[in-house]
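Please open the model in your viewer and keep the selection panel at hand.

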Amino acid sequence: MVGTLPNLSKIALVGCGSALPSQALENKQLSQRVETNDSWIRSRTGIISRRIISKDETLTSLGSIACCSAMEMAGWDPESVDLILLATSTPDDLFGSAPQIQAQIGAKRAAAFDLTAACSGFLFAVITASQFLRTGAMRRALVIGADQLSSWVDWDDRRTCVLFGDGAGAIALEASNSGKEGILGFKMKSDGSRGDCLNLRKTSSHLPLVEEISHQKGVFNPIEMNGKEVYKFAVKEVPAILSELLQATNTDPQALDWLLLHQANQRILDAVADRFSIPYEKVLSNLSNYGNTSAATIPLMLDEAVREGKVKPGNLIATSGFGAGLSWGSALLRWQGPI
Ligand code: UT7
């Protein structure tokens, strides 16, 4: 794999952090709004509660808090950060929210930009950031996964609104040849021909601008999802891409300490674990508390597991993200913690 090529830096995963909105929305409260019930949501998804950004919170502020926690764990000065990548589909500003995070955390030297790949966004961003570190172009990167799907769901559509929540997580990556490799391999895939089954689309009204010229005034529609199709996609493609990754890195599934998948549905986590005969105790899951927070699920789960002492220095983690695009990816990670 890439990390074994000569003259390229190793990458260490040295810190993590997360931030959650203060408002918790329970299943039974949702049944005040749409025709649903706790038992349906729990049995079909595993979700019990989710967090919703309140009027006093923003995605940018959550992202900043997550970054500060990750830097604190890593023992970094904000001015030592070279790169900030924000994986999100729901920025506070369509021009990008990463620069606002850069300013809020005082990372004055860092270049900051957004990257969009829906629920695969965090993994795609980790892999992107790692290229800058691997080549020696940069030394320290913060990668954030943060989403606020509560702004974009149709709260009267019970097929989607029960699934999603808001949150942010971040990881600190450092080019370092002192320890073991932190990103042992990765795979990324996209298939736009199947993109119709999950969208947050712009629709345009054509308005006259000046004589013979019109323009498209855009608004974004609420999320539309064909749940069954996305479910079938996930239970087929996630095991396939994980298999490819494990083969490419010559890793026995039984050697994994943890399976950390995008937290969309407990049934998907169980199906993937079954496919590799991985015991459920090794499958990290917190979606009962937070639902599907899109790009945030993986770093949110990692941070919780590290701080609970489940994920320990040296642990091997197979991770996979999947979602709109369609996009999906996997990475084999080794958690190091502060150097
Ligand atoms: O991060 C992006 C990735 N997204 C995903 O991974 C989502 C993947 N898909 C899923 O997780 C599942 O397909 C869902 C959880 C979205 C749906 O579960 P399902 O077992 O596929 O249910 P369904 O859509 O087939 O619906 C079964 C029944 C339907 O009623 P009928 O037609 O059988 O009478 C639905 O109308 O359940 C009904 N239903 C609900 N009932 C109560 C759908 N949503 C609800 C609801 N409460 N919220």
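Of the 23 residues around the ligand, which come nearest? Select Thr36, Arg44, Lys228, Asn265 and Asn292: these are the residues that come nearest. A residue counts as near if one of its heavy atoms lies within 4 Å of the molecule. The model is predicted, so to read it note that local features need pLDDT of at least 70 and side-chain atom pairs pLDDT 80 or more, while totals for chains, interfaces and linings use all residues. Residues are numbered from 1 along each chain as its sequence is written, and side-chain values use heavy atoms, without hydrogens and water.

Next, display the polar contacts (pairs of N or O atoms within 3.5 Å). Thr36 places a polar side-chain atom 2.6 Å from a nitrogen atom of the ligand. For Lys228, a polar side-chain atom is 2.5 Å from a ligand oxygen atom. At Arg267, a side-chain N or O atom lies 3.2 Å from an oxygen atom of the ligand. The protein buries 75% of the 960 Å² that the ligand exposes when taken alone (Shrake-Rupley method, 1.4 Å probe).

Now colour the shell by element; helices are DSSP runs (H or I) of at least four residues, and strands (E) of at least two. Helix 2 (38–45), helix 6 (158–161), helix 7 (227–248) and helix 8 (266–275) each give two or more residues to the shell. Helix 7 supplies the largest share, four residues. Domain 1 (6–176) and domain 2 (183–193 + 224–334) each contribute at least three residues; these bounds come from an automatic or database domain assignment.

Finally, turn to the backbone. Most residues other than glycine have a negative phi, and most peptide bonds are trans. Select Glu212, in the loop between strand 10 (202–210) and strand 11 (213–220): its phi is positive, about 70 degrees. Then select Gly325 and Leu326, which are joined by a cis peptide bond with omega near -10 degrees. Leu326 lies in the loop between strand 14 (316–323) and strand 15 (327–334).

Definitions and conventions:
A polar contact is a pair of N or O atoms within 3.5 Å; within protein, one must be able to donate a hydrogen and the other to accept it, and residues adjacent in sequence count only if both atoms are side-chain atoms.
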